[in-house]
Amino acid sequence: MAKNARDCKVVIAENGPYFISGSLPLAKEIIVCDREGIPAKWGKGKRYPLKKEYSLCRCGQSGNKPYCDGAHANAGFDGTETASRKKYITRAEKISGPSLILTDCKELCAIARFCEKAGGVWQLTVDSGDPKARKKAIEEACNCPSGRLVEWDRKTGKPIEPKLKPSISLVEDPDEKVSGPLWVKGGVQIVSSDGETYEIRNRVTLCRCGRSGNKPFCNGMHIDAGFNDGDESLKPKKKGSK
Ligand code: FES
C-alpha cells in the first residue's frame, strides 16, 4: 500500500505507456447516475492485485487493458504531450460567491458531469450565502475527478479539497457507455516524457483512450471515441436483471 505520495510516481513514456511506481493501489471506480441521468456518486469497482511497479496503457489499444501490452508500437501511437505546464491557478477562471470562490480550468474537463446537479456548481457558488447551496457546491467540486473545479473558502482563503489517498482509479461511465480516464489521486507526481514534473495536484485525470487533444490529461474525448475497456458495468444488462 502506498504510504506517501512522495514515494509514488507516474512516468510517461514517449509515445508509450504510463510507468507506475510506489505500490499505488489500482481499482475501477464507476460514475453512478440518479434517475435524471445526472452523476450523483462514485461506485466502487474491481480492485487489482497490488504491485510495486506496473505499466498502464495510454494508447487505448492494449489487448490486456488496463495494462500495456506493447500495442502502442504497432498502432503508431502519437502520445505527444501538448498540455500547458503553467500552474492551474494561473489558467483558471474565477467565479465569486458570498462564501465561496470557484476556480474553473475548462481545458482539464474529463466530462464526469457531477457539476451539473441542483442548478450547477457555478450557480451554487453564486448562491453560496445559503448553507445548503454552499454544501452542494463543495460536494460537486470535490467530486470532479480532474481537478478542473476547486472551491475556495472566502474566509480562510484556502482550497477545499477532498481527502484522497495516493491511488489510481480507472473511471467507468455506464450511463455514457464508455470507459473514462485514469483518475490519479493524492498528490502523485506525474513526470513528462521529457523529464519535467507537472504541477503536483490532489486529483488529476490522465488520458487512457489515446484520443485527448490535451495529453497527458483527459479532455473528455473518450466519450466521442466510444472508448470501452470491456468493463462489466458497460455490458448490456441481461433480460430480467436489474
Ligand atoms: S480518457 Fe478521456 S480523453 Fe482519453
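Of the 242 residues of this protein, 52% count as buried, where buried means under 20% relative accessible area, exposed means over 50%, and partly exposed lies in between, with a 1.4 Å probe and protein chains only. This is a predicted model, in which local features need pLDDT of at least 70, side-chain atom pairs count only at pLDDT 80 or more, and totals for chains, interfaces and linings use all residues. Residues are numbered from 1 along each chain as its sequence is written, and side-chain values use heavy atoms, with hydrogens and water left out.

Now the overall fold. The protein has 5 helices and 13 strands; these are DSSP runs, H or I with at least four residues for helices and E with at least two for strands, numbered from the N terminus. Its radius of gyration is 18 Å, close to the 18 Å from the globule rule for 242 residues, so the protein is as compact as a globular protein of that length. That radius is taken over C-alpha atoms, and the rule is 2.2 Å times the number of residues to the power 0.38. Along the principal axes, the C-alpha atoms fill a box of roughly 55 × 50 × 35 Å.

Next, contacts, meaning heavy atoms within 4.5 Å. Among contacts in the protein with a separation of 6 or more, 61% are between residues 24 or more positions apart.

Take helix α4, residues 131-142. Its 12 residues should span 16 Å at 1.5 Å a residue, and the end C-alpha atoms are 16 Å apart, which agrees. The expected span is 1.5 Å times one less than the number of residues. Which residues of α4 are buried? They are Ala133, Ala137, Ile138, Glu140, Ala141 and Cys142. These buried residues pack against β7 (100-104), α3 (121-126), β8 (149-153), β9 (159-160) and β13 (203-206).

His72 sits in helix α1, residues 71-75. Is His72 buried or exposed? His72 has a relative accessible area of 18%, so it is buried. Leaving out residues up to four places away in sequence, His72 touches Asn15, Gly16, Pro17, Cys59 and Phe77.

Ser84 is in the loop between α1 and α2 (88-91). With a relative accessible area of 24%, Ser84 is partly exposed. Again leaving out residues up to four places away in sequence, Ser84 touches Arg91, Glu107, Tyr198 and Asn214. Ser84 and Tyr54 are 30 residues apart in sequence and, C-alpha to C-alpha, 26 Å apart in space.
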